[in-house]
Amino acid sequence: MKKIIDRVNHWIAAHEIIATILFSIICCGLYSLLFRSQFKSPLFIILGNVFVVYLVWRFVSYRKFAIINKAFDALDRACDPYPLIEETTMLLRSLAHSKDNTQMFIMYQHNALSHAGEYDRAYAVLNTMQPEQMSKKFTESMVIMKHCYMHSICDKMGRYDEADSWYEKLEDAYSAAKDPLTATRVGRTVENARLLKMCRSGEFEEALEMMNESKAETNLSKVLREMRFARIYIGMSDTEQARESLEYVIKNGGKLYYVERAKKLLASLDKTEE
């Protein structure tokens, strides 16, 4: 039964316009049959049908978010980015999304690809993101988010000059932000970007102090936190602490690319100690 519901949700999300029309015809037909005797005025029937169409549209629209939430749950709990890659790919093929949702799906796909270690593809996807097309209430924060993610992916790809350029852009955009909600929406992401910049600049003690003040709630955030700790400890030549963090990533990282990365770093530490 659960598989059937999942398949229905996927079909609805992939064919949102067709699903809305189809369900509207069915529901409006049932409404007209059931209430024709109670509401003799055609006006009530018309208004009722309009309301039914609205309810159907809302139901169909929320199916895609049910799919996305399930994929996020797999990423946050099981550290598996592949369901989110699959679902965002499917949703982005549909033409029925608002501009806000389209840009959000692009960002979600970039995050999943990055966690899977597909850096070239993640970089290309993020370059298609156009936050200026979003509603005004989101534009400011999403511009900063894009700068943060471009900074991060360039760092992962070893494109450090480009990473520094994106970091300057994000700091300029963050300092110029006018919406008071912007800091709430992107504050943690900006802190992560600053931490990454500290590590790249060799400011490991400052980075460690910032990390000790941070918190992790989901399995994914705990693995990412330990991966950052490992980078800091390696920079500080504290191999024992680095080893503990890397072992945690290997044990709990699920299908994340960081597991493979942690194994390589751990092997390099072993060679150094020989």
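Biologist: Before we start, what does "buried" mean here?
Modeller: Buried means under 20% relative accessible area. The model is predicted, and buried residues make up 42% of the 274 residues in its protein chain.

Biologist: How many helices and strands does the protein chain have?
Modeller: The protein chain contains 13 helices and zero strands. Read from the N terminus, its elements run α-α-α-α-α-α-α-α-α-α-α-α-α.

Biologist: Let us take helix α5. How many residues has it, and what is its reach?
Modeller: Helix α5 covers residues 99-115, which is 17 residues. From its first C-alpha to its last it reaches 25 Å, close to the 24 Å expected at 1.5 Å a residue.

Biologist: And is α5 mostly covered or mostly open?
Modeller: Helix α5 is mostly covered, with 14 of its 17 residues buried.

Biologist: Which residue with positive phi follows α5?
Modeller: That residue is G117, with a phi near 85°.

Biologist: Turning to the surface, which residues gather in the patch of negative charge?
Modeller: The negative patch on the surface brings together E191, E203, E205, E206, E209 and E213.

Biologist: Which helix gives the most to that negative patch?
Modeller: Helix α10, residues 204-212, gives the most, contributing three residues.

Biologist: Where does E206 lie?
Modeller: E206 lies in helix α10.

Biologist: Why does E206 count as partly exposed?
Modeller: E206 has 41% relative accessibility, so it counts as partly exposed. That class lies between the buried limit of 20% and the exposed limit of 50%.

Note on methods:
Residues numbered from 1 in each chain as written. Predicted model: local features only at pLDDT ≥ 70, side-chain atom pairs only at ≥ 80, totals over all residues. Heavy atoms only, no water. Patch = residues over 30% accessible without salt bridge, like charges linked within 9 Å, V, L, I, M, F, W, Y side chains within 5 Å. Areas by Shrake-Rupley, 256 points an atom, 1.4 Å probe, with all protein chains shown as cover. Salt bridge = Lys/Arg side-chain N within 4 Å of Asp/Glu carboxyl O. Lys, Arg positive; Asp, Glu negative; His and termini not counted. Charge placed at Lys NZ, Arg CZ, Asp CG, Glu CD. Helix = DSSP H or I, 4+ residues; strand = E, 2+ residues; numbered from the N terminus. Buried < 20%, exposed > 50% of the residue type's maximum accessible area, 1.4 Å probe, protein only. Expected span 1.5 Å × (residues − 1).
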